[in-house]
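Please read the numbered points alongside the sequence and the model.

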Amino acid sequence: MRSATIRSAAFWTALITFAAANGSALAQKKYDTGATDTEIKIGHIVPYSGPASAYGIIGKTEEAYFKMINENGGIKGRKIKFISYDDAYSPPKAVEQVRKLVESDEVLLVFNALGTPSNTAIQKYLNSKKVPQLFVATGATKWNDPTHFPWTIGWQPSYQSEARIYAKFLMKEKPDAKVAVLYQNDDFGKDYLKGLKDGFAGKASAIIAEESYEVSEPTIDNHIVKLKASGADVLISITTPKFAAQTIKKMAEVDWKALQIVANVSTSVGAVMKPAGFENGQGVLSAHYAKDAGDAQWKDDPGMKKFLAFLDKHYPDADRTNSQVIYGYGAAQTLTKILEMSGDDLTRANIMKQAANLKDFTPDTLLPGVKINTSATDFAPIEQLQMMRFKGEKWEMFGEVISGEVEH
């Protein structure tokens with residue numbers, strides 16, 4: 001009888017120990033709305049239609065990337081449910097779709113929403129709800145403001161940083177440049193314009209003409225004609241892909257031989273340079289932070305081999321010369337890293353904590369020397385770019401990878 005009692009006591013001790021251990025394991029798992037033992041819901045908006053529909057390819061790439069993650073077992077066994085809506089590059093539509101994502105779909109976070117106007121429209125709402133507005137697909141400087149907007153973080157280099165690089169380049173290589181600027185009349189365009197003027201500093205007089213356009217305009221032809229008449233010998237084109245292609249084409253039509261610099265959001269060979277006509281784009285300058293999948297110099301690069309293998313298996317219809325595909329892959333890989341770092345604490349607060357704790361992270365598709373770093377006081381993940389020139393049917397990098405941050 002005594003041995004039976006001892007066995008019984010041992011059994012209950014073991015059972016209590018097991019329950020306590022498992023209870024503690026269960027207690028370690030923390031979830032907010034949108035995360036469970038089996039699923040992580042990610043919300044996304046992008047213009048699949050409208051004047052900026054060329055960017056829709058980003059959403060399709062990210063969807064394919066997360067399908068690959070799911071096929072490989074997900075993140076710690078959790079599958080990603082990627083819910084992507086069309087906002088048509090319309091701020092009111094963006095607000096409507098994001099409210100749907102948060103209140104109806106109940107996503108954990110909103111990821112890589114595209115466009116400065118759309119993100120501006122949803123920023124206060126997401127911050128008031130304490131929903132991460134993660135790795136926004138816009139380089140506006142305002143996303144790096146952890147004090148006032150602790151739930152919003154950027155991804156790509158800021159437009160002002162990039163514009164300062166162009167100003168520095170021109171002051172060094174073409175000190176007597178007479179600069180004309182074509183810019184989109186919204187926060188996106190005005191942010192670049194401010195960076196340019198800051199970059200020229202005491203030499204702001206280098207800008208002799210400015211023309212803004214609305215995204216609702218079917219063509220920017222008349223703006224190009226006016227800017228040519230100014231006598232400028234440099235045109236800085238702060239435009240989205242549709243208008244960037246129109247600009248390159250129209251400059252050729254009116255035989256305006258000015259040096260052209262195009263914003264790096266519109267450097268896609270497939271979506272901009274090809275429609276504009278390769279012959280018209282020769283010598284166009286820009287700056288970039290990501291590799292070009294169409295460039296043979298990366299054929300033996302380990303990161304690009306992984307990227308191309310992903311396309312072959314998960315997105316075979318993609319135009320690999322389209323830089324938006326590279327962009328979507330890099331952003332999705334960064335989010336995957338954050339979710340991995342978050343472990344079993346899939347609360348919105350921990351997601352933001354991890355997003356602000358990236359140290360020298362290098363997605364497969366970034367140029368050598370370009371690394372992602374964030375901190376609690378620095379929400380600007382990528383801060384370096386390299387100048388490049390369009391030649392033949394591809395971009396050629398030149399010079400060093402440089403930082404566009406303000407010099408103190």
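1. Helix axes here are lines fitted to C-alpha atoms, over the stretch in contact, and angles run from 0 to 180 degrees between N-to-C directions. Helices (H or I, at least four residues) and strands (E, at least two) are DSSP runs, numbered from the N terminus.

2. The model is predicted, so local features need pLDDT of at least 70 and side-chain atom pairs count only at pLDDT 80 or more, while totals for chains, interfaces and linings use all residues. Residues are numbered from 1 along each chain as its sequence is written, and side-chain values use heavy atoms, with hydrogens and water left out.

3. The protein has twelve helices and 14 strands. Its C-alpha atoms fill a box of roughly 105 × 45 × 40 Å along the principal axes.

4. Helix H10 (residues 302-314) packs on H11 at an angle of about 105°, and the two axes are 12 Å apart. H10 and H11 are therefore roughly perpendicular to each other, a term for angles of 65 to 115 degrees. In this contact (heavy atoms within 4.5 Å), Met304, Lys306, Phe307, Phe310 and Leu311 of H10 meet Val325, Ile326, Tyr329 and Gln333 of H11. The contact residues comprise seven nonpolar, one polar and one charged. Ala, Val, Leu, Ile, Met, Phe, Trp, Tyr, Cys and Pro count as nonpolar, Asp, Glu, Lys and Arg as charged, and the others, Gly among them, as polar.

5. Three cavities of 30 Å³ or more are found in the whole structure. A cavity is a set of points, on a 1 Å grid over the protein atoms alone, where a 1.4 Å probe fits but cannot get out; lining residues have an atom within 4 Å of a point. A volume is the space filled by probe spheres set on the points.

6. The largest cavity has a volume of about 230 Å³. Its lining has 21 residues, with Tyr55, Gln156, Val265, Gln324 and Tyr327 nearest the centre. Helix H11 (residues 323-342) gives the largest share, four residues. The lining has twelve nonpolar, nine polar and no charged residues.

7. The second largest cavity holds about 140 Å³. Among its 19 lining residues, His288, Ala290, Lys291, Asp292 and Trp395 lie nearest its centre. H11 and strand S13 (394-397) each supply at least two lining residues. This lining has nine nonpolar, six polar and four charged residues.

Key:
On a 1 Å grid over the protein atoms alone, a cavity is a set of points where a 1.4 Å probe fits but cannot get out, and a pocket is an open set with protein on both sides within 12 Å along at least five of seven lines; lining residues have an atom within 4 Å of a point. Angles under 35 degrees count as roughly parallel, over 145 as roughly antiparallel, 65 to 115 as roughly perpendicular and the rest as oblique.
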